[in-house]
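Open the model in your viewer and keep the sequence panel beside it. Each stop below says what to select and what is there.

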Amino acid sequence: MAEKIQTPIEFLVALQDLDIMLKEIEEVKALGFEVDNEGKTTLGRAREELAAKIKKQLVNNYERLRSRYKRAIVPVKDDTCLGCFMRVPTSVTSHGRTDQEVLTCENCGRFLYWLS
């Protein structure tokens, strides 16, 4: 999986996807269903491997945002942050479309990525 991922925001989005899957496993358990622990262990290992490939500061910021919001990384559509629904300034939008930099919403602080 990580071989196809190239930019820092792609790594962060993949990390968020793994965290969502891990959380869903816990939610299914909370409903009283039996869940295979091997799948959870495999996802946990994949998460650790992926997190190790991301700069520590980005992971720390991601963890801080994740404790505050259900989704720490949100898309931008029509120049609007889909986390807080505020318009993203043009200066941020012009840099963000390349996905080479990790940019944040000036209003809510979430990491942003652009839908292509």
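Select helix α1 and helix α3 and look at how they cross: α1 passes α3 in a right-handed crossing. This is a predicted model. Two packed helices are described by the angle between their axes and the distance between the axes.

Which residues of α1 meet α3? On the α1 side, select Pro8, Leu12, Leu15, Gln16 and Asp19. Their partners in α3 are Leu58, Tyr62 and Arg66. Sorted by class, this contact of α1 with α3 has five nonpolar, one polar and two charged residues.

**The whole chain**

Zoom out and show the cartoon. There are four helices and four strands in the chain. Followed from the N terminus, the elements run α-α-α-β-β-α-β-β. Along the principal axes, the C-alpha atoms fill a box of roughly 50 × 30 × 25 Å. The chain has 116 residues, and 38% of them count as buried. Among contacts with a separation of 6 or more, 54% are between residues 24 or more positions apart.

Strands of a sheet pair through backbone hydrogen bonds, either parallel or antiparallel.

Go through the sheet pair by pair:

- Select β1 (residues 73-77) with β2: these strands pair in the antiparallel sense over two bridges. Valine 76 has cysteine 81 in β2 as its bridge partner.
- Select β1 with β4: these strands run parallel and are joined by four bridges. Look for proline 75, which stands opposite tyrosine 113 in β4.
- Select β4 with β3: the sense is antiparallel again, over two bridges. Leucine 103 stands opposite leucine 112 in β4.

Stay with β3 and β4 and select what joins them. The hairpin of these strands has six residues between the strands. Glycine 109 in this hairpin takes a positive phi near 85°.

**The loop between β1 and β2**

Select aspartate 78, which is in the loop between β1 and β2. Its phi is near 50°, a positive value in a residue other than glycine. Is aspartate 78 buried or exposed? With a relative accessible area of 64%, aspartate 78 is exposed.

Move on to aspartate 79, also in the loop between β1 and β2. Aspartate 79 is not a glycine either, yet has a positive phi of about 60°. Its relative accessibility is 22%, so aspartate 79 counts as partly exposed.

**Threonine 80**

Next select threonine 80, which is placed in strand β2. Buried means under 20% relative accessible area, and threonine 80, at 19%, therefore counts as buried. Show what lies around this residue. Not counting residues up to four places away in sequence, threonine 80 touches Pro75, Phe85, Met86, Arg87 and Val88.

**Threonine 93**

For the last stop, select helix α4 (residues 90-96) and find threonine 93 within it. How is threonine 93 placed, buried or exposed? Its relative accessible area is 6%, so threonine 93 is buried. Which residues is threonine 93 in contact with, leaving aside its neighbours within four places in sequence? They are Asp79, Val88 and Trp114.

Definitions and conventions:
Residues numbered from 1 in each chain as written. Predicted model: local features only at pLDDT ≥ 70, side-chain atom pairs only at ≥ 80, totals over all residues. Heavy atoms only, no water. Left-handed = near helix turned anticlockwise from the far one by under 90°. Contact = heavy atoms within 4.5 Å. Nonpolar A, V, L, I, M, F, W, Y, C, P; charged D, E, K, R; others polar. Buried < 20%, exposed > 50% of the residue type's maximum accessible area, 1.4 Å probe, protein only. Pairing = 2+ DSSP bridges.
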